Amino acid sequence: MIRYIRYILFLIVILSCCACQDSTTGDPDDIQYIPLAFTPPDAPRVEIENGIKLYLLEDHELPLVTLSAVVRMGSFYDPPGKEGLAKLTGSVMRTGGTLSMTGDQIDESLDLMAGIISVSVDTESCTISMSVLQEDLDRGMKLFSDIMMNPAFAQEKIDLSKAIETEELRRIYDNPQDTAFREFRRLIYRGDPRGRLSSVDSIKKIEREDLLRFHKRFFRPSNLMISVSGDVQANDMIEKIQRYMGPWRSSEENIPIPPPPVYQASSMDYIFKDTPQAIILVGQPAPGKDSPDYYAFEVLDFIIGSGGFRSRIFNEVRNRLGLAYSAGSFYSTRTGYGIFGAYAMAKASSATEVLTTMTNILKEIREAGVTPEELSWAKESIINNFIFSVETPNRIVVSQMMLEHDGLPHNFLTSYKNNIEKVGLNDLREVASRFLSEENRVVLVLGDEKRFENPLSSFGAFQTINDYAVDSQ
């Protein structure tokens, strides 16, 4: 797969050079070349008897096998007062051993076969990944399945993970950027479980029984999908999954997909920190990945700030005015909802000028739209970047598995390029008008207002946040 993409790119370079009569003086943007067409292969889907869903894509280039399992479980489901339970469950699943092996024995086994097993927990999902040599697949599968089905949650590993998490929480305030983005999430998801954050107090309240119940509720065959790529025959892999995980059963009911967050009215908040720098964040709700507005807003976000040097915020705030050492935007999207945010990290004396510039850029785009040149640049860049997001068999098979997990259509990847190409100036003007309104905008400034050139009150009524400490929420 990688060789195929490199070969296509090599041909593009050769053809481009041939098409250019004077490559030393020509503008690279004027080079004519054959359009790049790439359609990712379709990964076959299999469902075994107990409900586990498999996506498999063979790749015999290297003697490696990679598995990624996704479970609908995450911090969204943390019980009130015990925020951090999902993350702690995932961490100790990996370190706390199983009913047949200790965590240290698992580490030794993986070291001997140069294998990797990792567990990560997000807001709405938990991912368990494994990478091993093809010759060690059976040994790896035994560990992989045992960790998922039979975690022991050894008390000493729970205590260690709680101590590590507590120390990480206490250090957050030492990092202005971490503090600002953590609080921004709490503000923009206010009133929704996604906005509840772990604290020292909530971690302290978590007991071993909580982990056992949480694991039993979420880790079961009908709530599990597995993607497989690498040097393995599909039929052999299905047989191995049946052998190691086929007997797994559960009577737990399916858990519904969490509803979209309840969006709040606009807010303007300030966090004091005695530092020579300031962090400025401006954000609001945006279209979900299943929305027809998704493609237009992705192009819009690229133009506003996520497109790098040529994007509006980066070019104006950082390049032209020199007000910030980092600036841009992000568009985080899920099925049913999305979040847009613009950010800047600047010296404190420039904080209010940066905020003014950022809000003016959003207002200008909302009222006047973007230029045809910006639209063309953004669409070409996004399409070119998309190709590299599915450049390996593992990325392809994981992406196709996640489409089902997220409730997106099977042709989402194959139709992505065409849907981006269809975005027009009117589409951008329409989504900007609806989604860049000030009515539901969250503005957060972190820094020392005494160092600001102008007071925050010149922008409106800012509320000072005093309850952001990690000792309690």
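Q: Where is phenylalanine 153 found?
A: Phenylalanine 153 sits in the loop between α4 (137-149) and α5, where helices (H or I, at least four residues) and strands (E, at least two) are DSSP runs numbered from the N terminus. This is a predicted model, in which local features need pLDDT of at least 70 and side-chain atom pairs count only at pLDDT 80 or more, while totals for chains, interfaces and linings use all residues. Residues are numbered from 1 along each chain as its sequence is written, and side-chain values use heavy atoms, with hydrogens and water left out.

Q: What is the phi of phenylalanine 153, and is the residue buried or exposed?
A: Most residues other than glycine have a negative phi. Phenylalanine 153 has a positive phi of about 50° although it is not a glycine, and at 1% relative accessibility it counts as buried (buried means under 20% relative accessible area, exposed over 50%, partly exposed in between, with a 1.4 Å probe and protein chains only). Alanine 114 also has a positive phi, near 55°, but this residue is exposed, with a relative accessible area of 62%, and its place is in the loop between α3 and β4.

Q: What is the order of the strands in the open sheet?
A: Strands of a sheet pair through backbone hydrogen bonds, either parallel or antiparallel. Here an open sheet of six strands runs in the order β1-β2-β6-β3-β5-β4, with mixed pairing (two strands pair if DSSP finds at least two bridges between them). Because β1 (45-47) and β4 (116-121) stand at the edges with a single partner strand each, one side of each has no neighbour in the sheet. Inside the sheet, strand β2 (residues 53-58) and strand β6 (residues 224-230) run parallel and are joined by six bridges; lysine 53, for instance, has methionine 225 in β6 as its bridge partner.

Q: Which helix lies across β1, β2, β3 and β6?
A: Helix α14 (residues 393-405) lies across these strands, running at about 165° to β6; angles run from 0 to 180 degrees between N-to-C directions, and axes are lines fitted to C-alpha atoms, for helices over the stretch in contact, where contact means heavy atoms within 4.5 Å.

Q: At what angle do helix α10 and helix α13 cross?
A: The axes of helix α10 (residues 294-306) and helix α13 (residues 372-389) come within 9 Å and cross at roughly 110°. That makes α10 roughly perpendicular to α13, a term for 65 to 115 degrees. The residues of α10 that meet α13 are Glu298, Val299, Phe302 and Ile303, and their counterparts in α13 include Leu375, Trp377 and Ile382.

Q: How many salt bridges does a search of the whole structure find?
A: The search finds 27 salt bridges, each a side-chain nitrogen of Lys or Arg within 4 Å of a carboxyl oxygen of Asp or Glu. In one of them, the side chains of arginine 196 and glutamate 83 meet at 2.8 Å, N to O, linking the loop between α6 (176-188) and α7 (200-205) to the loop between β3 and α2 (85-95), 113 residues apart. Arginine 196 is partly exposed, with a relative accessible area of 25%, whereas glutamate 83 is buried, at 10%.

Q: Which residue forms a salt bridge with arginine 451?
A: The partner is aspartate 274, with the closest N and O atoms 2.9 Å apart. Arginine 451 lies in the loop between β11 (442-447) and β12 (463-464) and aspartate 274 in the loop between β7 (267-272) and β8 (277-286), so the pair ties together parts that are 177 residues apart in sequence. Arginine 451 is partly exposed at 37%, and aspartate 274 is exposed at 55%.

Note on methods:
Parallel < 35°, antiparallel > 145°, perpendicular 65-115°, else oblique.
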